[in-house]
Amino acid sequence: MKEEKKLWDLFTKKEEYDPPILDEYERFPYYLSKSRDIFEPKVSKFLIENGFKPEYPDKKKFAVCLTHDIDVIKQRYLIYAFNSFRSVIKGNIRDALKYPTYAINKRNHPYWNFREIMKLEEKYGATSSFYFLALEPGEQNYNYDLKTLRDEIRYIDARGWEVGLHGGHRSYNNYEDLYKKKEKLENVLGKNVIGYRNHYLRFKTPETWELLSKAGFKYDTTFGYNDCAGFRNGMSHPFKPINLKTGKEIDIVEIPLTIMDCTLLRDYMRLDFNGAWDVTKKLIDTVAKYNGVITILWHNTYMQDENLEFYEKILKYCHEKDAWMTSGKDMIKWWEQ
Ligand SMILES: [Zn+2]
């Protein structure tokens, strides 16, 4: 019984209610958590051992939810000039000539790469979700005007991939802001938006879930730590969260985030290519063992050179392990059945 109580506290994330401190973005980080074995989905393990039997399309054993947050599309012209100069030095004249054209044709831009991403995923029988920011000029991290992406966003949707909302810095904690941004994206897309992730993984337990549910989202996929990969509440399956303040289930599905590119490779865990791959492989194998869902966040700005190679390595490995690789939207459709 004591063990079950511990698992319940982990599942509901009791420790995140009224924490004494938060990080600079008001997030509850892994370094504050009392649960130290982040690579073990303890709650999912318990459920599986007690008769929980998730099934996936075509009798697949586990699933991968592929997602992309679109923070940046444009770079400063100075950076183009620098890249162009670097290419000349490297003797790559073709690249050197390519950079100046970004200023003229937006589709030539290295981060205007949605079609390339879809093409790559298609090669492995996968689809994914793209979460777009809907910021206004002057808002923190404003980089692009959503309206200029109208055709592209509708193309992504028409191809069967998902367009979801990437909430801004305030959205996770502000209903008006959240709702306004959802409406803005829906106007551009021409239909309802059901999927969500907050920028910088900003999240408040359990209030953000309540706000998202109220705003009409069907699922969220923010719930992972920014400072470490793994299973934030011991779950490697989608779940309906509980609000410990009301004692009630919240009407939204969480597809918990497992791996974010910059957590592994740059900002937090600081792993090199091989170290990052070891962690990633271990997490994929763990999720496969428990017939779970592993959620991967790979930014469109991580689709170049070695980072692109890494993403393709994930797709290839999961394809070989016969995973169902899909978007949050299709995951939810299946989960609701
Ligand atoms: Zn973001």
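**Entry 1: a proline and its peptide bond**

I started at proline 206, which sits in the loop between β4 (195-198) and α8 (207-214). Helices here are DSSP runs of H or I with at least four residues, strands are DSSP runs of E with at least two, and both are numbered from the N terminus. I was looking at a predicted model, where local features need pLDDT of at least 70, side-chain atom pairs count only at pLDDT 80 or more, and totals for chains, interfaces and linings use all residues. Residues are numbered from 1 along each chain as its sequence is written.

I then checked the peptide bond from threonine 205 to proline 206 and found that it is cis, with omega near -5°. I jotted down for context that most peptide bonds are trans, and that most residues other than glycine have a negative phi.

**Entry 2: helix α8**

Next I looked at α8 and asked which of its residues are buried. They are Thr208, Trp209, Leu211 and Leu212. Buried means that 20 or more other C-beta atoms lie within 10 Å of the residue's own, exposed means 12 or fewer, and partly exposed is in between, with C-beta atoms placed from the backbone. Seen down the axis, the buried residues of α8 fall within an arc of 165°, so they line one face of the helix. The arc is taken over the directions from the helix axis to the C-beta atoms.

I found α7 (175-189), β4 and β5 (219-220) packed against these buried residues. Glycine 216 follows α8 and has a positive phi, near 95°.

**Entry 3: helix α5**

Just after α5 I noted glycine 125, with a positive phi of about 70°.

**Entry 4: two helix pairs**

I reminded myself that two packed helices are described by the angle between their axes and the distance between the axes. The axes are lines fitted to C-alpha atoms, for helices over the stretch in contact, and angles run from 0 to 180 degrees between N-to-C directions.

How do α1 (2-12) and α2 (42-49) lie? They pack at an angle of about 125°, with their axes 9 Å apart. That makes α1 and α2 oblique to each other; angles under 35 degrees count as roughly parallel, over 145 as roughly antiparallel, 65 to 115 as roughly perpendicular and the rest as oblique. Leu7, Leu10 and Phe11 of α1 make the contact with Lys42, Val43 and Phe46 of α2. Two residues are in contact if their C-beta atoms, placed from the backbone, lie within 7 Å.

Then I turned to α10 (residues 273-289) and α11, which pack at an angle of about 25° with their axes 11 Å apart. These two are therefore roughly parallel to each other. On the α10 side I listed Phe273, Ala276, Trp277, Thr280, Lys281 and Ile284, which meet Glu306, Phe310, Lys313, Ile314, Tyr317 and Cys318 in α11.

**Entry 5: two buried residues**

Isoleucine 70 is in strand β1. I put it down as buried because it has 23 C-beta neighbours inside 10 Å. Leaving aside neighbours within four places in sequence, isoleucine 70 contacts Phe130, Tyr131, Phe132, Leu133, His166 and Asn300.

I found tyrosine 290 in the loop between α10 and β10 (293-297). With 22 C-beta neighbours inside 10 Å, tyrosine 290 also counts as buried. Its contacts, again leaving aside neighbours within four places in sequence, are Pro41, Ser44, Lys45, Ile48 and Ser236. Tyrosine 290 and lysine 61 are 229 residues apart in sequence and 8.7 Å apart in space, C-alpha to C-alpha.

I finished with glutamate 26, which is not a glycine but has a positive phi of about 60°. Glutamate 26 is in the loop between α1 and α2 and counts as partly exposed, with 14 C-beta neighbours inside 10 Å. Aspartate 305, in helix α11, has a positive phi near 50°. Aspartate 305 is exposed, with 8 other C-beta atoms within 10 Å.
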